[in-house]
Amino acid sequence: MFQSQEAIDLNQKYEEGQRNFQGLQLRRGDLRGLNLSYTDFRGVDLSYANLRDVDFTGADLREAYLNEADLTGVNLTGANLEGASLIKVYLIKANCYQTNFSKAYLTGAYLTKTNFKEARFNGAYLNGVKLSGAKLRDASYDEKTRFDYSFNPESAFMNLGDNSKRIYIQPQEVLEINPQQQINIPTINIEQFLEAFNHLTTVSRRYLGKTMTEKYWESSRPAFDWLEHFEMIESAEIIFKGELETVLNAEQLQWLQLWLKTFIKNCCQILQNYPAMLDLQLVKPILSSNFRPNNPSSPFDQSGDSPSKKSNSRVLLSV
């Protein structure tokens with residue numbers, strides 16, 4: 001098998017007894033098939049690297065960067081990847097027996113047909129992962145582990161480490177709306193919400209990519225029939241099917257507000273400083289509108305009518 005020069009050099013150092021490889025620059029490296037068991041790669045950037053069939057048994061990969069790396073067939077038995085970044089990684093047909101993924105970022109990762117028996121996912125981010133054929137029996141998670149709402153770890157025979165409630169991406173919150181209260185309803189139309197959608201989508205696409213942005217918009221959408229008027233087209237743009245300058249009633253405002261807030265919350269799971277990236281002058285007036293005079297902290301409590309309308313759809317995102 002052809003080996004790159006960096007693989008030859010790394011293998012030579014390993015054969016000479018070196019095990020600490022911190023500080024190496026291996027981004028996009030080709031290390032296929034190497035034996036790197038019980039090595040120290042803490043904090044090393046291995047993003048986009050070809051790591052197919054590498055033996056990382058017992059390796060220390062804490063806080064390493066493996067974003068979009070190819071780890072097909074890799075052996076990570078007993079390896080420590082706590083806090084590592086494995087966004088959109090290809091971890092397919094791999095052996096991750098007793099691997100520590102605590103606090104690791106696995107968003108959008110391909111984990112199909114991989115053995116995760118007794119692996120640890122405490123505090124890990126597993127949003128949007130592909131788990132077809134993965135073996136998760138006896139893998140552990142805790143109350144800080146992030147799963148997609150549709151995934152049930154109990155049905156995969158995973159173990160809740162501290163018997164606390166698990167956390168999902170949960171867009172469906174219960175709204176208590178009192179139709180008798182009609183005061184303090186701001187005048188906001190669909191066009192204003194579309195501008196906020198546009199801004200959030202542009203920021204999230206820049207840092208999370210189109211696929212994750214699409215997933216977060218869809219998983220954040222509350223179960224409210226009227227929101228079906230908002231549709232996402234193939235380019236990840238969202239359009240509104242209806243009249244543009246409709247002044248929204250309180251119920252519509254509340255559900256749209258919930259959708260935006262849930263989307264921001266989900267983005268924060270990966271980009272903790274996501275709110276700081278936003279134009280607050282554009283977003284804050286939309287999100288801070290108060291509908292409940294007796295409880296300023298809650299935006300949920302009343303309804304109204306929608307008086308004015310204008311025709312046609314508007315594209316939410318243009319990048």
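Predicted model: local features only at pLDDT ≥ 70, side-chain atom pairs only at ≥ 80, totals over all residues.

Tutor: The largest cavity is lined by L111, F121, L126, V129, L131, L136, F147, F151 and M158. Sorted by class, this lining consists of nine nonpolar residues, with no polar and no charged ones. The space inside the largest cavity comes to about 50 Å³. With a threshold of 30 Å³ or more, the count is one cavity. Such spaces can be located because rolling a probe the size of a water molecule over the atoms shows where empty space is left.

The residues that line the largest pocket are Y48, N67, E68, I87, K88, T107, Y207, L208, G209, M212, I270 and L271. By class, seven residues of the pocket lining are nonpolar, three are polar and two are charged.

Read from the N terminus, the elements follow the order α-β-β-β-β-β-α-β-β-α-α. The chain has 319 residues, of which 50% count as buried. Among contacts between residues at least 6 apart in sequence, 39% join residues at least 24 apart.

The loop between helix 1 (5-15) and strand 1 (125-126) deserves attention, and T77 lies in it. Setting aside residues up to four places away in sequence, T77 touches F56, T57, G58, N95, Y97 and T99. With Y97, the separation is 20 residues in sequence, while the C-alpha atoms are 4.8 Å apart in space.

N80 is found in that loop between helix 1 and strand 1 as well. The side chain of N80 takes part in a polar contact of 3.2 Å with the side chain of N100. A polar atom of the N80 side chain also lies 3.1 Å from the backbone nitrogen of E82. Beyond residues up to four places away in sequence, N80 touches A59, D60, L61, R62 and N100.

D30 is a further residue of the loop between helix 1 and strand 1. Its relative accessibility is 18%, so D30 counts as buried, the cut-off being under 20%. Apart from neighbours within four places in sequence, D30 is in contact with S4, E6, A7 and N50.

There remains the matter of the cysteines. The count of disulfides is zero. The sulfur of C267 has its closest cysteine sulfur in C268, and because these are 7.1 Å apart, they are too far for a bond; a disulfide would need the two sulfur atoms within 2.5 Å. C268 is accordingly in no disulfide, the nearest cysteine sulfur being that of C267 at 7.1 Å. The two residues are also classed separately by accessibility: C267 has 0% relative accessibility and therefore counts as buried, whereas C268 has 21% and therefore counts as partly exposed.

Terms used. Residues numbered from 1 in each chain as written. Heavy atoms only, no water. Helix = DSSP H or I, 4+ residues; strand = E, 2+ residues; numbered from the N terminus. Contact = heavy atoms within 4.5 Å. 1 Å grid on protein atoms, 1.4 Å probe; cavity = no way out; pocket = protein on both sides within 12 Å on 5 of 7 lines; lining within 4 Å. Points joined across faces, edges and corners; volume = space filled by probe spheres on them. Nonpolar A, V, L, I, M, F, W, Y, C, P; charged D, E, K, R; others polar. Polar contact = N/O pair within 3.5 Å; in protein donor to acceptor, adjacent residues only side chain to side chain. Buried < 20%, exposed > 50% of the residue type's maximum accessible area, 1.4 Å probe, protein only.
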